[in-house]
Amino acid sequence: MASVTKKRNVSSAKTKPRIIKRAKIDLNTKVDYILESKQLANDVFDILLALESEEEKEAIDAANACSHLFCTLLERKELFVGEMPGEEEEALSGEYSAEEKYRIFMRHRYISCVESLLDHVGHELYGVRESALCCLMKFAAAEGRHPLEDLDWSEHYSFPRELILAVVSRLLSQTADNSLLISRFQEFLEMDDVRYYVMSSICENVGRVMTQNKGAVMPVYQGNVFTFMSNVSVPSKESELTNFMVKQEAKHEDWKAVKLNEHKRVFERMWLGFLKYKCPNSMYKKVLVILHDSILPHMSKPTLMIDFLTSAYDIGGAISLLALNGLFVLIHQHNLDYPDFYKKLYNLLDPSIFHVKYRARFFHLANLFLSSSHLPVYLVAAFAKRLARLALTAPSTALLIVLPFIYNLIRRHPSCKVLIHRPSTEGEAVEDPYLMTEEDPALCCALESSLWEIKTLQKHYHPDVAKAAMLINTPLSQQEDDISDVLELTTYELMERDLKPPKTKRIPLEFEKATQLLNGGRDVLGQHFCLN
């Protein structure tokens, strides 16, 4: 069998088109023949050769044939178990029986098949990639039921960890975007043990690849890693860990894959290991958007994300705002002590916030951050004054957000009404004590100033803005203004609304329409006299 093996290997058989033609015709029949008779074991080379075909259908058919063949051999225990001897060693040694030599031979063919399928995970045709991925996961399930290696009872039990690690490594390509194939893999992440070992494999892969590349930004690779990790969702209760690909018959309770704390620990290690390296700016946005819903709730110590959030804030723009949202969650829900939070939010207020596409999100989150009535008066006054100063050069659509926003701040903190009712000295030039360039809201002297900017906006060219600014002349109502309706307002929508002719309102004359007044009116008059 060794001499046959040397003559008929996959690499040398690539030059035999006649074999490819036969394999195309009857791959399933060959599988049946191999399973029926060990004397036809060499026909496995035809199947492996078809697996290397450049034609999509033939490669997919060969993958399905390999799946059927080797899963059946695993179930029959007809693959060699343990440390593999070399084929040359097996041929020369006389200590192996014919049955053992057959198992060694088929085990070598199985290894070749797995290597070919791993290569196909990076195939240019998606159909071949998907077929190879599904076949490998069938092998993983079969190996879990019938292990090919000596079991490590201390940690991994009979789970095929090495095969899963190899699959994950191929999915996390450094050159090709595998987001579609990774999404296809999400089906297998529903199994608790697969999810646990996938997270562990991602940790190892990220650490190795990023170290080899000295922490350089790798957009394609990091995009694949993020797609993979964002598909991972850890259960909230340990009782939900019931779906396993590999059923452990012995010592099931000691297996790490059945413990929720172990899932959370490796989940936390996976994200922290990924986020400690520099990411593309677009990646920061993707991570920060899902941070509070999909990442922090599943971490054992969410406050460990403080370093990532701090570095994300330093990038500026929308990323800084999203980073503050993550910090706010840590402060509000996990008791994080971060005294510079409102100082950082205050420094985000500049003229650009009125012109960026995330303006609506900014004011929505800022309204959330400043919703507490326990904030110090000087801080709220600083925000109100800075927004009022920025309003002098803001577009009309932004002013319809800013003015109600300032009014809501004053409603929540009545002590800030001093900004409205400060005595004035008419006829005298008064310098505003407010320091616009001061970065610390505690030192900007906002409480010593006034909201004269809103008084100026009462002369605004747009009637809606002027009307909104006039509200400061009257006592503010207790009920806050709902700014959600104007957060997404655009200049086009505002102009369209102004150009539409006003609708004539119908004047209500009677609660119920008279239906018989002109038809004799007897019933109506009768009802009138009865009431009198």
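**Exercise 1.** Determine how helix α4 and helix α7 are oriented to each other, and which residues meet.

*Solution.* Step 1: the axes of helix α4 (residues 44-51) and helix α7 (residues 98-120) come within 10 Å, crossing at roughly 10 degrees. Axes are lines fitted to C-alpha atoms over the stretch in contact, and angles run from 0 to 180 degrees between N-to-C directions. Helices are DSSP runs (H or I, at least four residues) numbered from the N terminus.

Step 2: angles under 35 degrees count as roughly parallel, and α4 and α7 are therefore roughly parallel to each other.

Step 3: contact means heavy atoms within 4.5 Å. From α4, V44, F45, L48 and L51 meet residues of α7 that include F105, M106 and R109. The contact of α4 with α7 divides into 8 nonpolar, 3 polar and 1 charged residues; Ala, Val, Leu, Ile, Met, Phe, Trp, Tyr, Cys and Pro count as nonpolar, Asp, Glu, Lys and Arg as charged, and the others, Gly among them, as polar.

The model is predicted: local features need pLDDT of at least 70, side-chain atom pairs count only at pLDDT 80 or more, and totals for chains, interfaces and linings use all residues. Residues are numbered from 1 along each chain as its sequence is written, and side-chain values use heavy atoms, with hydrogens and water left out.

**Exercise 2.** Describe the packing of α20 and α22.

*Solution.* Step 1: α20 (residues 396-412) and α22 (residues 463-470) pack at an angle of about 10 degrees, and their axes are 9 Å apart. This makes α20 roughly parallel to α22.

Step 2: S396, L399, L400, L403 and Y407 of α20 make the contact with D464, V465, A468 and A469 of α22.

How values were computed: Helices (H or I, at least four residues) and strands (E, at least two) are DSSP runs, numbered from the N terminus. Angles under 35 degrees count as roughly parallel, over 145 as roughly antiparallel, 65 to 115 as roughly perpendicular and the rest as oblique.
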